Each structure stands twice: as structure tokens, then as C-alpha cells.
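Q: Could you walk me through this one, please? I have not looked at it before, and I would like to take it step by step.

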Amino acid sequence: MSAWFLAFATLLLLSLAGALWRIWRGPEPADRMMAAQLVGTGGVGVVLLLAAASDWQMLDVALVLALLAAFAAIAFVKAQSVDGSGDPEEDPVSPAAGTDPTTIQPGRAPDAR
Amino acid sequence: MPADIVTLVLCGAGLVFFFAGTAGIIRFPDTLTRLHALTKADNVGLGLLITGLAFQAPDWQSVGKLVLIWAMALIAAGTTAQLVARSALQQQDTSQ
Amino acid sequence: MASSSIFGLCGALLIGMGLYGFITHPHLLRRLLAFNVIGSGIFLLFGATAARLPSAATDPVPQALIITGIVVALAATALGVGLVLAYARVTGRTTLPEDGAPTDPGKPPR
Amino acid sequence: MIDGTASDIAATGFDLVLAAMILGAGLFAVTVRDLFGAVVFFIVYGVFVALAWLRLGALDVALTEAALGAGLTGVLLIGAVARLGRRTGTQGTDALSRRSAFSVRSVSQIATMLVSAAVSVALGWAFLSLSDSDGLRAGVAANLDASGVSNPVTAVLINFRGWDTLLESIVLLAALIGLWSLWRDDDWGRRPGLRQHARADGVLAMFGRLLPPFGLLFGVYMVWVGSSLPGGAFQGGTVLAAVWLLMMMAGLMPPPMVTSARIRAVLIAGPLVFLSVGIIGAFAGGFLGLPPAYAKPLILMIEAALTLSIAATLALLVLGPPGGPAMPSGPGDAP
């Protein structure tokens with residue numbers, strides 16, 4: 001069985017090469033970030049297969065990867081927001097969204113692309 | 001051994017979904033469709049993989065960890081897909 | 001071919017690649033990235049030498065040293081990022097001045 | 001298991017593909033034009049390197065690499081790119097980094113390439129010509145019973161090579177003090193990092209509420225199992241730091257004031273406990289020598305304090321100097 005798991009893990013790794021291509025190609029930063037997300041999920045899968053092939057203790061590594069998978073993407077959306085520390089779900093135009101618009105307005109003008 | 005066969009079939013099916021996700025991220029025409037392809041296919045693939053491997057787990061703690069891993073991956077993927085999509089939409093709006 | 005040989009050689013190549021990037025990139029953040037590639041190459045090379053006996057488990061002493069090293073590398077990177085940000089704040093640039101070019105550190109805002 | 005050779009072939013194939021992916025991601029992280037692309041490649045590279053540590057049987061290292069690579073490094077570098085872009089008016093690619101891409105090859109660049117290749121070849125040759133040695137495995141295994149824990153890596157970190165770990169925790173503190181000393185006088189008294197905010201009923205805030213319980217549990221679990229299985233203060237501390245950062249990023253709690261006495265107490269708790277145990281040990285036998293009878297409780301005490309200090313230090317290191325809309329930003333900063 002462990003040969004099968006290693007073969008599966010190899011195939012899964014190979015499929016991640018497509019994600020590497022997308023990170024290289026872009027064109028939007030969001031494309032790159034989501035491709036990194038794909039590598040994160042695929043990496044969890046590879047760790048699981050390795051764990052099945054050799055040592056189940058490796059599951060902890062997969063758990064760490066899964067737990068922290070979203071962190072880079074969250075930092076990314078924060079960096080993309082108008083003042084570099086917001087949340088894309090905040091509505092910068094209408095104050096009715098329940099957020100304080102004054103925290104958002106100052107950074108808006110110089111950063112709009 | 002029937003458990004082994006179930007494992008292999010489920011893991012193989014999971015791999016197919018992973019490859020579908022990769023095909024999507026390479027082939028789809030724009031950011032939002034690529035995002036869509038990847039977050040769905042990937043997590044189904046991981047789920048099938050985990051279900052398959054659960055048949056091989058040596059003890060119940062490992063099965064619990066496997067389920068927890070999938071839960072974490074789903075929560076992370078759902079959150080990031082929503083946030084990155086919204087962020088990409090805003091970037092499109094401001095650039096037009 | 002054993003895992004240790006493959007990843008040891010991989011580490012040696014990474015060190016070379018990182019060195020190249022470290023020398024050629026003028027952008028300071030890119031240099032920091034290249035420096036990290038060198039660092040992890042060294043860790044891989046070191047860890048692979050510790051895993052050479054296929055029968056035995058990996059030697060714990062190098063593992064402990066590498067764990068310490070990885071955490072210190074992150075701390076150093078964070079300090080480096082802070083330095084780059086401070087440098088950009090003072091000069092408005094992200095690269096060091098070239099040799100021979102007139103150095104123009106500008107007037108620090110504070 | 002049925003067929004040993006098939007398993008060996010599959011393992012070698014996997015290793016070769018993984019090494020190719022590591023090299024590819026590393027190469028792109030160094031050479032790709034786009035700055036943000038390079039950072040993303042570096043994050044991905046961290047995931048692949050963690051897999052390599054698994055294949056080398058170094059689970060403790062793999063845990064550390066996964067936690068730092070997947071969590072903190074990404075947050076740190078992406079934040080750095082964004083803040084640099086805001087400060088210098090460039091988004092990702094600037095003219096100078098374009099120049100150093102593959103397209104231009106001056107003589108000096110080719111010379112650099114040759115020198116780097118020579119370094120790689122020399123190191124590779126040195127690696128291959130090393131004679132196999134048992135290293136320090138036997139020594140560690142023989143004394144493991146006296147160390148108080150059954151995970152040899154933890155035994156080395158806290159007991160046998162306690163010096164290294166003590167100095168390392170002080171180095172972390174020194175890096176943080178160095179980072180803080182870069183602040184402008186005006187910023188002193190402000191909170192580190194950007195002023196974070198998020199929609200209170202949004203997905204981000206919900207994620208920030210959902211994940212921390214699991215993260216805290218897992219961080220403590222990492223420290224606890226560290227005495228017998230892979231894990232320990234560094235891995236647990238990194239996970240806790242990431243959880244804390246997430247709660248700040250989700251706008252659920254503000255970053256701490258660096259002038260607060262409480263946060264400073266947490267920062268020095270680890271080195272302080274480690275040092276005092278070492279000094280008490282100096283009277284009983286040798287500096288940092290843990291008496292075997294009390295080794296286990298002492299190690300757990302040191303690890304608990306170290307975990308808190310490492311978590312706080314790493315989180316504050318990643319947050320970086322204060323900044324945000326209140327500061328003059330963009331090229332206006334430049335003369």
C-alpha cells in the first residue's frame with residue numbers, strides 16, 4: 001500500500017506544478033494568491049498521503065498547514081484594501097454598512113489605482 | 001482486502017478532483033472563474049482523500065484528526081475564497 | 001538514491017540560487033527573500049547530512065539546531081523588513097545607492 | 001509493504017519530483033520580475049520545504065517550517081510589500097527590479113552566475129564525499145532517560161543544548177528591541193502595525209472568532225506532546241502567535257501597546273525562567289544542568305514560559321512598526 005500512497009502523492013505534487021505556473025503567469029495578484037492557496041490545500045493532501053505511507057504522527061503537520069492555510073490570503077486582502085488594514089467586505093461608500101467611514105476615507109485618494 | 005480497495009478508489013477519485021482544480025486554474029479565462037474552480041474542486045478532492053485514508057487509520061484519534069483537518073481546510077477555503085473574490089472585484093471597480 | 005542525497009544536493013543548489021539572487025537584485029526586499037532561500041538551503045543541506053544513515057532515525061542534535069535556526073531566521077527577516085521600511089521612509093527608495101552614484105540620502109522627515 | 005522495491009522506487013520518484021518543485025519555487029522566488037509574485041513563490045516554497053523535512057524524517061523541523069512558512073512568513077512579507085508600495089508609490093514591480101530579470105545579462109551577471117554555480121557544485125561535492133557517520137544519535141539515545149523527556153529533539157533543545165535555546169530566546173528579544181528602536185519618536189506610544197479594522201458581521205470577523213479556540217487548543221497540545229512526540233515550545237509558540245495575529249487582523253482586539261508592562265513581562269518571561277532555572281542549577285551542579293529527578297517538571301515549566309514569550313515576540317516582530325493612514329505616505333515622504 002505504501003507504494004500506492006507515494007505514487008498518489010507524487011501525482012498530487014505534479015498537479016501543483018500547474019499552480020506554480022499560475023503564480024508565475026499572474027496576471028492579477030489575486031490569481032497568484034489563490035494559486036498559493038491551492039498549493040496549501042494540495043500540500044495538506046500530500047502530507048496526509050505521506051502519513052499513510054510512513055508515519056501517522058505526520059498528521060500534526062497537516063493540521064498545522066490546514067490551520068494556518070488562510071493566513072497569507074487574509075494578510076493579502078488586508079493589504080489590498082484601501083488603507084492597507086481593512087476588510088474587503090466593508091463598504092467604503094455608504095456609512096450604512098455599520099462601519100465608521102472616517103477610518104477609511106483618508107487613505108482612499110492616494111491609493112486608488 | 002476490501003478496505004484497501006475502498007481507500008484506493010476514494011484516493012484516486014480525490015486525485016481526479018485535484019487535477020480538475022489544477023486544470024481550472026490553468027484554463028479558466030479570468031480571476032473570478034479561476035477562484036471558483038479551485039476552491040470547490042480542491043476541497044472535494046481533499047475530502048475524498050481523507051475519507052479514503054480514514055479506512056487506513058490506526059486508531060480513532062487519527063480519524064478525529066483527519067476530520068479536523070478537513071474541517072479546518074473547508075473553513076479556510078470558504079473564508080479566503082469569499083475575501084479574495086470580494087477584494088478582486090473591488091480592484092476591478094477601482095481600475096475601471 | 002536515498003532521500004538524504006536528493007535533498008542534500010537540492011540544498012546545495014538552493015544556496016547557489018539564493019547567492020545569485022542576493023548579489024544581483026538591487027531591491028532590498030528581494031535580497032531579503034534571496035537571503036532566506038540561502039538560509040533554508042543551508043538548513044536542508046545540514047539536515048540531509050544528519051539523515052544519511054537510512055536505518056537510523058534522523059539525528060536529533062542537528063534537528064534541534066535547525067529548529068532554532070528557522071525561528072531566528074524569521075526574527076532576522078522581520079528585523080530586515082523593519083530596516084527596509086525605515087530606509088524607504090527616510091529616502092523614498094527601496095534600493096541601496098549604486099557605487100559611484102552621488103549618494104543622496106535626502107532630508108529625513110524627522 | 002508487499003513489495004519493498006516498488007515502495008522504494010515510488011519514494012525516490014516522489015523525492016525527485018519534490019526536489020524539482022522546491023528548486024522551481026526557489027528559482028522563481030529569486031528571479032521572477034514581480035515583487036509580489038516573488039513573495040508568493042516564497043510562501044509556496046515554504047510548504048514544499050516542509051514536505052522535504054517530512055521525507056527526511058525530521059518531523060519536529062517539518063512542524064516548525066510549516067507553522068512559520070504557512071503562517072507568519074506570509075503575513076510578514078505580504079505586509080512588507082504592501083507597506084513598501086504605499087510608501088514609495090510602486091505596486092510590486094519597480095523599474096530597478098525589472099532590470100535584474102532574466103532578459104538582461106551583463107558580464108558581471110554571468111560572472112555572478114558562475115560563482116554561484118561553483119559554490120553549489122563545491123557544496124554538493126562536499127556533501128557527497130562526506131563519510132557516513134552515526135553522528136550524535138547514540139549519545140542522545142544513551143542519555144535520554146536522564147533528560148526527563150522522551151522526545152530526543154526536545155531533550156536536546158531544553159536540556160542537553162540548553163545554552164543554544166537560552167541564547168536563541170534572547171536573540172529573538174534582541175531582534176524585537178532592534179525593530180522597536182527603528183521607530184520614530186512620534187510613533188512611540190502608538191500601537192505597532194497598521195490600525196486594523198473589519199466589518200463586524202463579515203466573513204473575516206467570523207473566521208477570527210471561529211479559528212482561535214482550535215488554534216489555542218492546538219498550540220497548547222503541541223507544547224504538551226513535545227515531551228514525548230514531535231512538537232514543543234517553538235511549534236506551539238508559532239501557532240499561538242499566528243492565532244493572536246489573526247484576532248488582531250480580524251479587528252477583534254487591538255495590537256498591544258509596546259509601553260505596557262504586561263506585554264513586556266510576557267516577552268521576558270521565557271528567557272527569565274530559563275535563566276533562573278539555569279542559575280539555580282549552577283548551585284546544584286552545573287549551569288543549565290537539570291537534575292534528572294526534577295528534569296521533567298523543570299522542562300515543562302521552561303517550555304510553558306518559553307512558549308508564551310516566543311508567541312508574543314514573533315507576533316510583535318511580524319506586526320512591525322506603526323503605520324497607516326495617519327502617517328504621511330507615498331513619495332511625499334521623499335525629499
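A: A term to begin with: the expected span of a helix is 1.5 Å times one less than its number of residues, and helices (H or I, at least four residues) and strands (E, at least two) are DSSP runs numbered from the N terminus. This is a predicted model, in which local features need pLDDT of at least 70, side-chain atom pairs count only at pLDDT 80 or more, and totals for chains, interfaces and linings use all residues. Residues are numbered from 1 along each chain as its sequence is written, while chains are lettered from A and ligands numbered from 1 in the order in which they are written.

Q: OK, so how does the end-to-end distance of helix 2 of chain A fit with its 25 residues?
A: At 1.5 Å a residue, helix 2 of chain A should span 36 Å, and its end C-alpha atoms are 36 Å apart, which agrees.

Q: And is that helix buried or exposed?
A: In helix 2 of chain A, 25 of the 25 residues are buried, so this helix is largely enclosed by the rest of the structure. A residue is buried if 20 or more other C-beta atoms lie within 10 Å of its own, exposed if 12 or fewer, and partly exposed in between, with C-beta atoms placed from the backbone.

Q: What does the rest of chain A look like?
A: Chain A has five helices and zero strands, giving the pattern α-α-α-α-α along its sequence. Of its 113 residues, 68% are buried. Two residues are in contact if their C-beta atoms, placed from the backbone, lie within 7 Å, and among the contacts in chain A between residues at least 6 apart in sequence, 41% join residues at least 24 apart.

Q: How confident is the predictor about chain A?
A: The score is pLDDT, the predictor's confidence in each residue, from 0 to 100. Its mean over chain A is 78, and 79% of the residues reach 70 or more.

Q: Switching topic: how many residues of chain A and chain B are in contact?
A: There, 40 residues of chain A are in contact with 44 residues of chain B. On the side of chain A that touches chain B, helix 1 (2-25), helix 2 (29-53), helix 3 (59-67) and helix 4 (71-80) of chain A each supply at least two residues, and helix 2 of chain A gives the largest share, 13 residues.

Q: What kinds of residues are on that side?
A: The side of chain A that touches chain B has 28 nonpolar, seven polar and five charged residues. Here Ala, Val, Leu, Ile, Met, Phe, Trp, Tyr, Cys and Pro count as nonpolar, Asp, Glu, Lys and Arg as charged, and the others, Gly among them, as polar.

Q: And chain B itself, how is it built?
A: Chain B has three helices and zero strands. Its radius of gyration, taken over C-alpha atoms, is 17 Å, well over the 12 Å that the globule rule (2.2 Å times the number of residues to the power 0.38) gives for 96 residues, so chain B is more spread out than a compact globule. The C-alpha trace of chain B spans about 60 × 25 × 10 Å along its principal axes, and 45% of the 96 residues in chain B are buried.

Q: Which residues does B:Ile26 contact, beyond its neighbours within four places in sequence?
A: They are A:Gly18, A:Trp21 and A:Arg22. B:Ile26 is found in helix 1 (residues 2-27) of chain B, and it counts as partly exposed because it has 16 C-beta neighbours inside 10 Å.

Q: What about chains C and D?
A: The contact between them takes 77 residues from chain C and 83 residues from chain D, and helix 3 of chain C supplies the largest share of the chain C side, 26 residues. That side divides into 47 nonpolar, 23 polar and seven charged residues. Chain C has three helices and zero strands.
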